Amino acid sequence: MKKYKISDFDSIKPYEDSDIKEVFDRLIKEEAFQQLLRFLFPDSTHSFFMNKVSNMTTIRQFQNDIISDYVKVVIDDTSKGVTATGLESLSPKESYLYISNHRDILLDPAILNVVLVDNGFDTTEIAIGDNLLIYPWITDLVKLNRTFIVNRNLPLKQTLESFSRLSNYIRYKITKKKTSIWIAQREGRSKDGNDQTQISLLKMLNMSGTKSCIKNFKELKIVPVSISYERDPCDYLKALEFLKKKKDGDYQKTYEDDMTHMGTGLKGRKERIDFCFGKPIENELNILENINDKNERFSALAEIIDKNVHLNYKLWPGNYIAWDILNGKKEYSDKYTPQDITNFNDYVADHINRCNLTAQEDKDFIQTSLLEMYANPVKNIKQYEN
């Protein structure tokens, strides 16, 4: 296997403090970046903000004064607050590989980092797909926020090379630089609420290991994280995507669609938000010793991560209501009130209306898709009952 030098990671790694002046000099000349600032900070004086940015000298300063402050504004304006549990089982002095379910393009890792810093931990480095980096200034912006690049949609040989580099980078940062990493459990978001770990992700992570499979994964100190939004503001956009794919099997989202999802995720109502950090799964990995088949071993590891994500997932009244509606039961009637039912039904009706559909068949499809998104987390937890 190829031995990687630090310079081999230059194409994917985040910016460092030494890069910040050059990057800001580029950004402040970019009209699209200035438009973004006016969108994100409509009440700020533009010149004051630009001066503030141009005088920054460290990545941490940028994260604290720009990213974190803005994320806290989003939390205050669009939610009823964030709860976080499980960090008492982790150490701020350790580096971890946080593997989580994925609901929102921008906010999942952004809120996670705010939660970590507020509890005395350092921020993580964040994995992001290059499909979202549609303009050079976006690449500049995310790499200022300790984000590293996951290259996608490459020819097979280049994909293997890219996965190997990515795997070695993640292992290097965790084991050598003692830097924690956040990565989603699958490529892209779970659009139907059914959170499952992608086997290919685990195979990629193992590529850089030089020991046994079990020791390779123990070395990464994997912590499953469950992210739960009471309301997903992009749910109707995801349902519309399902409808378009149903009607046209070749349908693909556009760059403009991704931007719409990012903006809606930032600005839309989320109600309550919960982050649950599981315990490191080091001891749970011992069961893999009894599995000789490599593919079965990866499947078993995926099941370990999934079980932790599912069982730690915070269920809200809407999840239980959606499950009962879909199944024609009142199985969880003790989990919600009549007012909860009214609120949830009004919410679903509003999001169906946002789709601007005329055919009743299409409206019914959107309604079922929305209900399934909120019911699937209940379904996932139920599999562990008894």
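Where is the place of Arg269? Select Arg269 and you'll land in the loop between helix H11 (255-267) and strand S7 (271-277); helices (H or I, at least four residues) and strands (E, at least two) are DSSP runs, numbered from the N terminus.

A quick word before moving on. This is a predicted model, where local features need pLDDT of at least 70 and side-chain atom pairs count only at pLDDT 80 or more, while totals for chains, interfaces and linings use all residues. Residues are numbered from 1 along each chain as its sequence is written, and side-chain values use heavy atoms, leaving out hydrogens and water.

**Around Arg269**

Stay on Arg269: its relative accessibility is 38%, so it counts as partly exposed (buried is under 20% relative accessible area, exposed over 50%, partly exposed in between, with a 1.4 Å probe and protein chains only). Leaving aside residues up to four places away in sequence, Arg269 touches Asp77, Thr78, Ser79, Lys80, Arg231 and Pro233; contact here means heavy atoms within 4.5 Å.

**The second largest pocket**

Next, select Asn168, Arg171, Lys176, Ser208 and Thr210, which lie nearest the centre of the second largest pocket, among its 15 lining residues. About 400 Å³ of space lies there. On a 1 Å grid over the protein atoms alone, a pocket is an open set of points with protein on both sides within 12 Å along at least five of seven lines, a cavity is a set where a 1.4 Å probe fits but cannot get out, and lining residues have an atom within 4 Å of a point.

**The largest cavity**

The count comes to three cavities of 30 Å³ or more. For the largest cavity, with about 100 Å³ of space, select its lining residues, including Arg103, Ser190, Tyr229, Asp232 and Met373. Helix H15 (residues 360-382) supplies the largest share of that lining, three residues.

**Zoom out**

Finally, show the whole protein: 15 helices and seven strands. Buried residues make up 52% of the 386 residues. Among contacts between residues at least 6 apart in sequence, 77% join residues at least 24 apart. The C-alpha trace spans about 60 × 60 × 45 Å along its principal axes.

Notes
Grid points are joined across faces, edges and corners, and a volume is the space filled by probe spheres set on the points.
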